[in-house]
Every structure is written in structure tokens, then in C-alpha cells.
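This note sets out points for a colleague who is reading the model alongside its sequence.

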Amino acid sequence: MKKLFLPLLFGGLALFAGTSLCQAQPDSASVQPDWKQTEQQASGQTVYFNAWGGSLQVNDYLLWASREVKQRYGITLKQVKVNDIAETVNRIRAEKAAGNTRNGSADLVWINGENFEAMKRDGLLYGPFTESLPAWRWVNQKLPVTQDFTVPTEGYEAPWGVGQLVFIYDAKTLPHPPADFAALLNYAKTHPGRIAYPRPPQFHGASFLKSALLALTSGLPLDQPVNPQTFRRDTAPLWAYLDTLHPHLWRKGKIFPTSDAQMMQLFNDNVLDMAITFNPGVAPAAIAAGSLPPDAKTYALRQGALTNVHFLAIPFNAKAKPAAMVVINFLMSPEAQARKASGKIWGDPTILDPHLLNARQQALFSKIQPLFPALAEPHPSWQEALEAEWQKRYGR
């Protein structure tokens, strides 16, 4: 069923509006001796951070973070760019099967949803550790930071940011974009070849399927695991919609963009009239980088935006567990969160509650900007089932 958690979700979200950042590390008096020991153990270690590498803004932000943790803690942070974090999950699973319990290839992973469920289920995570982080005391507990796509996190992953499935459009050439999925279908029919969505199981493509399922059905127990016996009946409206939509898509629905990055490029090249992103604050930084037109804006469909928290986790066999924890704690700090939330840097909303910060830290979040009305993520099994069925029907 549809779940709206807007009143609780966005009470303390803020986007950074300042131009200078002061250092906002945990107060020394509040840092426990055990954490000091963790920082000492972390010095000199190298953290291999497996993270999606499809965004220039994200990659630039992580370059900044790598310089900061090197200077402050003596940690070398290296981003391992991946197209799909499921690749990393499969590699860690293979390492466990081979008996590699101490020298894993990944020290830190950026995950949520089905990938977290898989790692937790298969014993691939280190922890629990989250509540031992000094930055945990600043986290906005009104956010779904202890559940990931309905799966309890139990301290095995730390919240990092908030994502929403939104659409990018050019306000100059398309002042009134489609308001819902029915309008999107009508727009595709009257503007053939100008609409697309990424090919599942790519994350944004799978999210498009879930968002459409939420809009086109009602009363489904989406917070519960899929019932294989009723799945085909439950999802029939979705497949009927896609059967009608696909002939009017880019390349007539026979070829799909491979990623949201390709969609943004096609949109920037005026091949598509809209693109998809999971970052509602992406436009300013992307415009500045030249990857979006100057009048690009983001919006959510009338039903609301599929919304989740994304997390950071440590594999069970990470070689640099202390350094990974220190890196996570820094990435959750007010300074790092404010920089990440800046529309000029990344635009990814914070998971901190500004009301829990001191005056100096609050100054980093000087402009409150609510996000779009939120739709809760279904149980991870729905994404897996939708991806598999999509492949059967359209994955030629």
C-alpha cells in the first residue's frame, strides 16, 4: 500500500546556502576514549570506497572528502567507481565463499535497498557500529534511518543522504511538464521518441517501475515481501501501461538508456524532453558543470516522489575497518553534510537534524528547503520481482 511519511520525513531537512565552511568536527569533550583509539588505529590505513561513479558532482565531492580525511586523520580514501553496487556485493559474496575473511577488496560501500538486504542476509556486513559514531547524535531520527526499504538496519549501515525519484525538464521549452503517469503517457503519444527511462535493473530504471506501480495500483501490501502467487495479477496494470507506453518512447522502446547519466546527456543534447534523477537538488551543480541546460529544473509527479535514505556500510572482511568508520563519521559530520547538500556542490539533502546542532554548526544550514511529498519504498523483494518480470517481457 502507499505510505506517505512527509510530515515526519522532512521536518528538519535543509539545503546549505552559505559560501564558506568552517570545520565542524565532534566536540572533543564528547568524543569517547574508544573513538580516540579508533582514530589512532585508522591513521595510515587505506579505505577502498566502492561507490556509484556516474555523477561528476558525486565524484568531485568524494575527491574533496579524500583530501579532508587525509589531512585530518592520515587516511587514504580511494573511490572505486562502479556502475552498480550489486557488482561489489557479488564480489564480496565470492570472497566469503573462498574463505577470505580479513583481506576484502572493499572497505566501504554505498548501498541501500535490495543490496543491503542481500548483504545482511548473507552475513557480508561488519557491525553493528552505527550508534558508536560520534556523529550519530546529530542524525534526524524522524527520517527512516533505522529501516532500509522496510528492512531494519540494526546498526549495520549508517545514513548518508536522502534520495527522491524526480524528473528533470527545461522550464523554458516545457513550462508545464506531465503531472502524472497518465499525462506522461499522453505526452509520449503526442511527442514520440522524446521520452525514455533507463533500462532495468539499472537503479533509476527499477525506481521508475516502482513509482509507476505505486501510481497505477492501490491496496497492494508493498511493505511486505512479494507473494509469488498473486504477483502477476497485482502488477497487471503496470505491464499494461508499459505495453502502451513503449512504442512511443525513444527508439520506440526497443533500446533504453543504460543509465540516468546517459538520459541526462540525451536531455542536454535536446534528444529527450525529460530526464530522471534520484537527486532533487542536482540541477544547479549540473547546470554549472554544463551537463544540463540553464533552465533545467526538477519536479515530482502529483502522486509524490519515491523516497529513501541511502547508507554507508562496511563489509565483514574489510581490511581497514577503523579507517572506514572514521571516514563514515566524517561524511556524517555537519561540515561534510552541509557541503554535500549545497546545490552548487551536489545537492544531496542532509540526514542531520539542524536543531541538534550548535549555533556554529546550524549556520552551515542557513536555508530550509522542504523536499517533495514522499512515497515510501516497497519491500526490496518487489524491486527484484519487477526487474525479473521486466526482463522477461522487454529485455530482448
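The numbered points below take up the basis of the model, its domains, and then selected residues.

1. Basis. The model is predicted, so local features are reported only at pLDDT of at least 70 and side-chain atom pairs only at pLDDT 80 or more, whereas totals for chains, interfaces and linings use all residues. Residues are numbered from 1 along each chain as its sequence is written, and side-chain values use heavy atoms, with hydrogens and water left out.

2. Domains. The domain assignment of the protein chain gives domain 1 as 40-161 + 309-359 and domain 2 as 166-307 + 379-395; such bounds come from an automatic or database domain assignment. The C-alpha centres of domain 1 and domain 2 are 27 Å apart.

3. Extent of the interface. Contact (heavy atoms within 4.5 Å) involves 19 residues of domain 1 and 20 residues of domain 2. Domain 1 and domain 2 bury about 1400 Å² between them, with 51% of it on carbon and sulfur atoms. Buried area here is the accessible area (1.4 Å probe) that two parts lose on being put together, summed over both. On the side of domain 1, the residues that lose the most area to domain 2 are Gln57, Glu114 and Phe149, together 36% of what that side buries.

4. Three residue pairs, both residues at pLDDT 80 or more, are in polar contact between the two domains. A polar contact is a pair of N or O atoms within 3.5 Å; within protein, one must be able to donate a hydrogen and the other to accept it, and residues adjacent in sequence count only if both atoms are side-chain atoms. Helix H3 (56-73) and helix H5 (114-121) are the elements that give two or more residues to the side of domain 1 that touches domain 2. Helices (H or I, at least four residues) and strands (E, at least two) are DSSP runs, numbered from the N terminus. The residues of that side divide into seven nonpolar, seven polar and five charged. In this division Ala, Val, Leu, Ile, Met, Phe, Trp, Tyr, Cys and Pro count as nonpolar, Asp, Glu, Lys and Arg as charged, and the others, Gly among them, as polar.

5. The network in question joins Glu68, Arg72 and Glu335. The whole structure holds twelve salt bridges.

6. A link between distant parts of the chain. Arginine 232 and glutamate 389 meet in a salt bridge through their side chains (3.9 Å, N to O). Arginine 232 belongs to helix H8 (residues 231-234) and glutamate 389 to helix H15 (residues 380-394), 157 residues apart. Arginine 232 is exposed at 55% relative accessibility, whereas glutamate 389 is buried at 8%.

7. Buried elements. Eleven of the eleven residues of helix H12 (residues 321-331) are buried, among them Lys321 and Asn329. Methionine 264, in helix H10 (residues 260-268), is buried with a relative accessible area of 12%. Leaving aside neighbours within four places in sequence, methionine 264 is in contact with Ile168, Ala275, Ala286, Ser291 and Leu292.

8. Backbone geometry to inspect. The peptide bond from glycine 127 to proline 128 is cis, with omega near 0 degrees, and proline 128 is in the loop between H5 and strand S4 (147-148). The bond from proline 200 to proline 201 is also cis, with omega near 10 degrees; proline 201 is in the loop between helix H6 (181-190) and helix H7 (203-216). Threonine 150 has a positive phi, near 80 degrees, and is partly exposed with a relative accessible area of 26%. Lysine 252 has a positive phi of about 55 degrees although it is not a glycine, and is exposed with a relative accessible area of 60%.

Methods: Buried < 20%, exposed > 50% of the residue type's maximum accessible area, 1.4 Å probe, protein only. Salt bridge = Lys/Arg side-chain N within 4 Å of Asp/Glu carboxyl O.
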